[in-house]
Amino acid sequence: MAYQKALNHVIACSEAGLLPARLDDKGMEQALVVLQQNLGTAGMTAPTRASTRPNAAATKTAEPDMGKRPALSKDPRCRVLADSLKPVLQASCPEGTGGYGGSLQANLHPADSEKLGGVDLIRAAMRRAARKLGWRVRTVGYTRDRLAVVIVQDIRDAPAEFKDALEADLMSSYAEIHQRMAAGRGEAAAGTLGPSPVERQTQAFLQAARAAIAAEPEAWR
């Protein structure tokens, strides 16, 4: 399955309330089963499904939505955080892809999310940073129990000359996923693999957030 189609499927299942609230090892196993079982569900992977749900957590936009959230676009925290996140998003683009195919996922404690202004403000900052890079963006954001998840992804169709590099990066990601699943839940095995991709991206996000607060602390007062 292509990466874009896979992401659409995950978002649709999440909006339908099918995924477990806690994404620990057991939750991930349950999520994989749910995703596989719902692959054939009619309309589940339709790109427009998110926009038809009144409480949809995901948005797919090609144009700025400044008119919908003027308070967020004018919030100084949004501007400062976006400036700090721009290089992080740029670094997320796979090597040799011409700046296409970037994405960032941050798994945060809800308290950390609130310190930055909440999930909606973080999403707005991610959109702002992504558009500065020329991305056509999709963002996802939700809070469940003790976890706040925020995702931004470049959904542009890459030119043909970058397809091979994007495919190679995708295959590398799959290989790491299989390696981690094969390693099981043992702490020793997990330690040899190091932080997961999401953990690495979360740390990069938090570093950028700390830099933003340090750059203009008055914005968060």
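In this predicted model, 71% of the contacts in the protein chain between residues at least 6 apart in sequence join residues at least 24 apart. The protein chain has 221 residues, and buried ones make up 38% of them. Its secondary structure comes to ten helices and four strands, and from the N terminus the elements run α-α-α-β-α-α-β-α-α-β-β-α-α-α.

H5 covers residues 76-91, 16 residues in total, and spans 24 Å from its first C-alpha to its last, close to the 22 Å expected at 1.5 Å a residue. Leu85 itself is buried, as are Cys78, Val80, Leu81, Ala82, Ser84, Val88 and Leu89 of H5.

As for partners, H5 packs against helix H7 (residues 119-132), with the two axes 7 Å apart and at an angle of about 55°. That angle makes H5 oblique to H7, and the crossing of the two is right-handed. On the H5 side, the contact is made by Arg77, Cys78, Arg79, Leu81, Ala82, Asp83, Leu85, Lys86 and Leu89. H7 puts in Leu121, Ile122, Ala124, Ala125, Met126, Arg128, Ala129, Ala130 and Lys132.

How values were computed. Residues are numbered from 1 along each chain as its sequence is written. This is a predicted model: local features need pLDDT of at least 70, side-chain atom pairs count only at pLDDT 80 or more; totals for chains, interfaces and linings use all residues. Side-chain values use heavy atoms; hydrogens and water are left out. The expected span of a helix is 1.5 Å times one less than its number of residues. Buried means under 20% relative accessible area, exposed over 50%, partly exposed in between (1.4 Å probe, protein chains only). Axes are lines fitted to C-alpha atoms, for helices over the stretch in contact, and angles run from 0 to 180 degrees between N-to-C directions. Angles under 35 degrees count as roughly parallel, over 145 as roughly antiparallel, 65 to 115 as roughly perpendicular and the rest as oblique. A crossing is left-handed if the near helix is turned anticlockwise from the far one by less than a right angle, and right-handed if clockwise. Contact means heavy atoms within 4.5 Å.
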